[in-house]
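I have kept to the fold of one chain and to the contact between the two.

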Amino acid sequence: ENITCTKNYLSIYLDFWFPPTFLHVWRLDFPSCTSQGGQRFLVKMAAPLTLLLIVAVTIRAALFRSSLAELIAERVEVVSPITAWKRVVEGLALLDLGVSPYSGDVFHETPLIIYMFHFLVDYAEITFMLADVITAVALYMAVKEYNKQVFRKQKFALEADRYPMDSLELIRSPKEMYYVPLKVAMFYLLNPFTILSCVAKSTCGLNNAVLALFFLSTIKRNVLLSAIFLCLATYQSIYPITLCAPAMLYFMQRQYIPVNFRRVSFWWFIVQYLFMYLGSLFVLICLSFFLLGSWDYLPSVYGFILSVPDLTPNIGLFWYFFAEMFEHFRLFFLCVFQINVFFYTIPLSIKLKEHPVFLIFMQLAVISIFKSYPTVGDVALYLAFLPVWSHLHRFLRNIFLVSCVLLACSALFPVLWHLWIYAGSANSNFYYAITLLFNVAQILLVSDYFYAFLRREHHLTNGLYLKRKDGSEATLILK
Amino acid sequence: MLCYTSLDILDIQWIWQFFSSGHTNNWAVLVCTSRFWFNYRHVANTLSVYRSVKRLGIPDSHIVLMLADDMACNHRNPKPATVFSHKNMELNVYGDDVEVDYRGYEVTVENFLRVLTGRLPPSTPRSKRLLSDDRSNILIYLTGHGGNGFLKFQDSEEISNVELADAFEQMWQKRRYNELLFIIDTCQGASMYERFYSPNIMALASSQVGEDSLSHQPDLAIGVHLMDRYTFYMLEFLEDIHPASKTNMNDLFKVCPKSQCVSTPGHRTDLFLRDPGSVLITDFFGSVRKVELTMDAINLTDPIKQMEEDPVNGEEQKEVYSYADQLPVSEIIHQKPKQKDWHPPDGFILGLWTLILLVFFKTYGIKHLKHIF
């Protein structure tokens with residue numbers, strides 16, 4: 001078994017160097033060697049991953065020791081009133097003086113953060129570096145597992161002859177997917193946004209770690225852990241509750257529960273998952289009450305996120321609108337803006353019910369664009385997923401535009417901030433214009449990937465070269 | 001002791017007049033509340049009054065002068081380092097011996113009220129304080145832009161007539177003045193003295209409520225108006241006063257009638273205990289020192305007691321005096337020890353870690369227990 005497995009494995013490799021016909025390659029029993037091959041994969045990839053981790057930790061340690069650390073910790077694009085490290089220190093100091101840290105408008109973190117940093121405040125840098133490492137490793141393992149599932153599904157679909165002949169060039173091969181997990185880890189760790197967020201000691205890094213662990217536990221089919229991590233992520237900032245839908249869809253797909261409103265098993269699974277989720281949320285909230293002995297944290301954390309009282313400029317869309325809004329319209333627009341985050345869940349879930357992982361990516365992107373206090377750390381998380389969809393590049397239409405706009409906006413943020421605040425020759429409109437442009441570029445990126453994904457799915461079912469009924473070439477438009 | 005014997009009735013009257021006012025020292029608080037080049041005339045007003053008051057004997061140590069002081073060295077001043085008043089067109093009231101106590105942005109409502117009431121931080125120098133006592137006569141002169149019930153300070157804040165009245169009441173209750181003469185040269189200046197309620201205040205204003213105080217002619221070389229009419233005519237009047245003159249307040253009330261001033265000057269004497277006709281101008285504008293002539297030697301105090309130094313318990317007899325500790329620096333600089341080091345409650349820690357362990361074993365199975373225990 002082992003020998004044939006190895007031979008098959010080797011022959012795949014040899015066959016790729018001297019390509020015979022495509023179909024011939026794919027008839028081999030590659031997936032039966034998955035466990036062995038998987039271990040080989042693991043062994044082969046551990047060294048580059050370790051190297052990447054060492055490089056990332058070195059960069060962060062070097063930046064921590066330099067004078068840039070204080071500079072970065074003050075940038076509004078990197079820290080927000082919810083995630084600032086300065087506020088965590090302030091809250092802990094207030095606690096030491098015997099005052100509730102939630103009195104006043106300083107501290108908006110959850111009590112679990114107080115508990116954690118009460119003991120770790122001297123090792124804060126190591127904590128945030130560790131959080132980044134955990135995120136990267138979790139994403140790495142999750143994407144690897146996901147790739148294996150993609151392969152398996154592809155193999156079944158091929159054996160069932162579900163793909164038309166001309167769309168076979170869209171099939172993914174192990175060679176191209178070999179480096180994808182490493183690329184995901186690299187995209188996360190070496191992204192300047194992530195590095196800035198880590199050096200600024202923004203608690204967004206911890207939120208990203210929890211979300212990555214949620215993703216990992218979802219992919220590894222552990223319902224309890226997935227519910228618990230999602231609950232932790234929701235407990236810290238409310239918006240990840242929208243990730244319940246893709247998680248449930250994923251589990252239902254893996255457990256072969258049909259996504260049909262009339263089926264009892266569908267509702268039963270939803271009840272189970274929601275029970276675990278809401279139960280752990282309840283337990284967490286009660287535990288937080290017992291930590292400080294009061295319910296002060298509820299308005300300070302959740303009331304703050306939902307009612308957006310602090311209008312410090314950031315890279316989001318809320319501050320400028322609400323700075324110039326009249327008081328009697330405020331509640332209405334607050335509801336409109338907040339619903340915007342949650343609104344895309346149901347339509348996207350209906351459209352992408354076969355592809356819950358892509359739905360997770362879309363949801364994460366929607367959350368980090370439309371949340372009330374976004375930072376570049378949130379952007380970095382969903383940007384890390386891009387290598388997973390690198391096979392879509394032939395269908396993406398706006399790569400050049402989006403990348404140029406994102407780079408230009410990232411460069412212009414500090415420039416226009418300086419012009420507005422220090423030089424006094426610009427005003428808030430300049431900064432808001434760049435914020436708007438940045439968000440438009442993000443939306444364009446996300447919608448582009450959505451288009452490319454759907455188009456690839458369409459081609460996989462309907463063939464690559466589309467023909468109209470009379471045989472002439474047809475083009476595909478996303479309406 | 002005074003020798004009466006060789007004096008006649010007129011001299012006696014003169015002597016009683018000498019002691020009739022009851023004050024022993026004079027102070028002046030002269031405030032110009034405007035800044036910027038086009039308010040040149042307000043600075044010139046104040047400096048002219050300053051000059052007169054100094055000429056009549058009040059020393060700089062008893063004058064608190066508050067100016068924005070941006071005229072003499074203003075880059076629009078065609079004759080730098082000078083501030084001209086309209087008197088003779090050539091009188092440089094700035095000179096080289098003017099002592100401005102509050103200049104620039106220090107001329108604020110808060111500082112003015114603190115000067116009046118004496119509530120200044122301990123670090124304030126003497127030149128910035130009004131160190132008056134209950135035998136002081138104080139002249140307060142305000143000029144600038146005003147309105148009905150308020151006076152504008154440096155374009156950013158206002159003082160109201162109620163605040164001013166309350167400040168004077170504080171001064172009265174703290175016995176910071178014997179008599180007070182309040183002169184104000186602004187638009188609708190009479191509104192500023194309407195609310196006074198403390199005794200011994202006499203007030204003059206350049207215009208009534210609803211009237212504007214106008215400026216005198218402009219100087220074409222400098223380009224701005226140099227003085228206001230009321231102050232101009234008041235200074236003409238003051239030029240004739242010398243330290244020994246007997247002119248009284250009734251003459252001051254007649255300064256600048258409507259024909260010259262266009263606005264109607266007003267005054268208020270109902271709070272003043274003496275008859276204005278018996279109040280000399282030099283009681284407020286000058287500093288006439290009272291001199292008591294004696295021929296006898298006066299025994300001032302009892303013989304000074306020597307400290308008895310007992311060699312046995314010398315320390316007990318010495319009373320150590322110390323200042324009251326106003327700023328307990330040692331308490332502030334040294335870190336307060338953490339009285340209550342906050343620690344998470346035990347129940348919380350227990351609950352949290354129990355939960356974590358439960359989840360761990362649920363996920364990975366009970367078989368891992370043997371690795372721990």
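Predicted model: local features only at pLDDT ≥ 70, side-chain atom pairs only at ≥ 80, totals over all residues.

1. In chain B, seven strands form an open sheet with mixed pairing, in the order β5-β2-β1-β6-β10-β11-β12. Strands β5 (102-103) and β12 (266-268) of chain B stand at the edges with a single partner strand each, so one side of each lacks a neighbour in the sheet.

2. Within this sheet, strand β1 (residues 25-32) of chain B runs parallel to strand β6 (residues 136-143) of chain B, and eight bridges join the two. Ala28(B), for instance, has Leu139(B) as its bridge partner in β6(B).

3. Helix α2 (residues 40-55) of chain B packs on the sheet, where it touches β1, β2 (63-67), β6 and β10 (179-185) of chain B, and its direction makes about 165° with that of β2(B). Helix α5 (residues 229-239) of chain B also packs on the sheet, touching β6, β10 and β11 (201-205) of chain B, with its direction at about 130° to that of β10(B).

4. Turning to the interface, chain A and chain B each contribute 17 residues to the contact, and they bury about 1500 Å² between them, 75% of it on carbon and sulfur atoms. Of the area that chain A buries against chain B, 35% is supplied by Asp96(A), Tyr115(A) and Leu287(A), more than by any other three residues.

5. Across the interface of chain A and chain B, the rule finds zero salt bridges and one residue pair in polar contact. On the side of chain A that touches chain B, α14(A) gives the largest share, six residues, and the residues of that side divide into 13 nonpolar, three polar and one charged.

Note on methods
Residues numbered from 1 in each chain as written. Chains lettered and ligands numbered in written order. Heavy atoms only, no water. Pairing = 2+ DSSP bridges. Helix = DSSP H or I, 4+ residues; strand = E, 2+ residues; numbered from the N terminus. Contact = heavy atoms within 4.5 Å. Axes fitted to C-alpha atoms, helices over the stretch in contact; angles between N-to-C directions. Buried area = accessible area lost by both parts, 1.4 Å probe. Salt bridge = Lys/Arg side-chain N within 4 Å of Asp/Glu carboxyl O. Polar contact = N/O pair within 3.5 Å; in protein donor to acceptor, adjacent residues only side chain to side chain. Nonpolar A, V, L, I, M, F, W, Y, C, P; charged D, E, K, R; others polar.
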